[in-house]
Amino acid sequence: WMTSVMRSNFERYSSSICLDAMKRKTNINLWPYMAIALVDEMGRVCVGCESLCIQERHEAYEFVLSSALMMAPKVSAQSIISVYGDEFITSKVLQTVGLGHAKLFYDHFHLKDNIEKALGPDLYQQFLPRINAVFYSKTENDFDSNISFLCNACNSSSKLIDVAHELKKKR
C-alpha cells in the first residue's frame with residue numbers, strides 16, 4: 001500500500017531507496033513486512049511503500065518495487081540510481097523491474113551477519129578487525145590489501161578465502 005504521504009515521499013526522495021523485509025520481534029505472525037525506506041532532505045527516514053507478504057521471496061521484492069512504481073506514476077524506474085538492501089536482493093531482481101541500471105549496495109549489518117554464519121563465531125572474532133578494515137577501507141588500495149590479507153592469513157580455512165572473494169565481488 002501507499003498512502004498519499006508515502007507517494008509524496010517516493011516522488012521526492014526515490015533516487016536512492018532502501019528495501020528490506022522484517023519478520024522478527026514486532027511481526028508476531030512472521031509474515032515479512034516489506035517497505036521501501038527513503039531519506040528526506042533533512043536526513044530523516046521516511047517510508048515510500050509498505051507491504052505484507054507471505055514469504056520473503058524474490059517475487060515479493062519484485063512485487064513491492066513494481067507496485068511502488070505503478071502507484072507513483074511520476075517516478076520513473078530510470079530516476080532510481082541506487083538500491084540498498086540485504087543479500088536477498090539481487091541484480092536479477094532489479095533487472096526484472098526495470099532497475100538494472102541502479103547500483104546495488106548491500107548493508108554491512110546483513111553482510112557481517114552472513115560472514116559470521118559462514119566462518120563460525122571463533123574464526124569470525126579472530127579476523128573481525130581485518131573484516132572491519134575491509135568494510136571501512138578508504139581507498140581501493142586499502143580494500144585490495146585487506147582482501148589479500150584475508151586470503152593469505154589462514155592457510156587452513158578455505159571458508160575465509162571464500163568470504164574474501166565474495167566481499168571482493170560485492171564491492
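Author: Contact, a term used throughout, means heavy atoms within 4.5 Å. This is a predicted model, in which local features need pLDDT of at least 70 and side-chain atom pairs count only at pLDDT 80 or more, while totals for chains, interfaces and linings use all residues. Residues are numbered from 1 along each chain as its sequence is written, and side-chain values use heavy atoms, leaving out hydrogens and water.

Reader: Thanks! How many helices and strands does the protein have?

Author: Helices (H or I, at least four residues) and strands (E, at least two) are DSSP runs, numbered from the N terminus. Read from that end, the elements go α-β-β-β-α-β-α-β-α-α-α-α. The total comes to seven helices and five strands.

Reader: What percentage of the 171 residues counts as buried?

Author: Buried means under 20% relative accessible area, exposed over 50%, and partly exposed in between, with a 1.4 Å probe and protein chains only. The C-alpha trace spans about 55 × 35 × 30 Å along its principal axes. Of the 171 residues, the buried part is 41%.

Reader: In which order do the strands of the sheet stand?

Author: Two strands pair if DSSP finds at least two bridges between them. Strands of a sheet pair through backbone hydrogen bonds, either parallel or antiparallel. Here the pairing is mixed, and the open sheet of five strands has the order 3-2-1-4-5.

Reader: Which strands stand at the edges?

Author: Two strands have a single partner each, so one side of each is left without a neighbour in the sheet. These edge strands are strand 3 and strand 5 (103-106).

Reader: By what angle are neighbouring strands turned against each other on average?

Author: Axes are lines fitted to C-alpha atoms (for helices over the stretch in contact), and angles run from 0 to 180 degrees between N-to-C directions. For this sheet, direction is ignored. The average turn is 25°.

Reader: Which residue in the turn between strand 2 and strand 3 has a positive phi?

Author: Strand 2 and strand 3 run antiparallel, joined by seven bridges, and Tyr33 stands opposite Leu52 in strand 3. The two strands form a hairpin with five residues between them. A positive phi of about 80° in the turn belongs to Gly43.

Reader: How far does helix 2 (residues 58-71) reach from its first C-alpha to its last?

Author: The expected span of a helix is 1.5 Å times one less than its number of residues. Close to the expected 20 Å, helix 2 reaches 20 Å.

Reader: At which residue does helix 5 bend?

Author: A bend is the angle between axes fitted to the seven residues ending at a residue and the seven starting there. Helix 5 has 15 residues, yet its end C-alpha atoms are only 18 Å apart, short of the 21 Å that a straight helix would reach. A proline, Pro129, follows within four residues of the bend. The bend, about 60°, is at Leu128.

Reader: Which residues touch the most other members of the largest nonpolar core?

Author: A nonpolar core is a set of buried Ala, Val, Leu, Ile, Met, Phe, Trp, Tyr and Cys residues joined through side-chain atoms within 4.5 Å. Of the 50 residues in the largest one, those touching the most others are Phe10 and Ile36.

Reader: Is Glu87 buried, partly exposed or exposed?

Author: Glu87 sits in the loop between strand 4 and helix 3. Beyond its neighbours within four places in sequence, Glu87 is in contact with Tyr106, His110, Leu111, Asn114 and Lys170. Glu87 and Leu111 are 24 residues apart in sequence and 7.2 Å apart in space, C-alpha to C-alpha. Its relative accessibility is 23%, so Glu87 counts as partly exposed.
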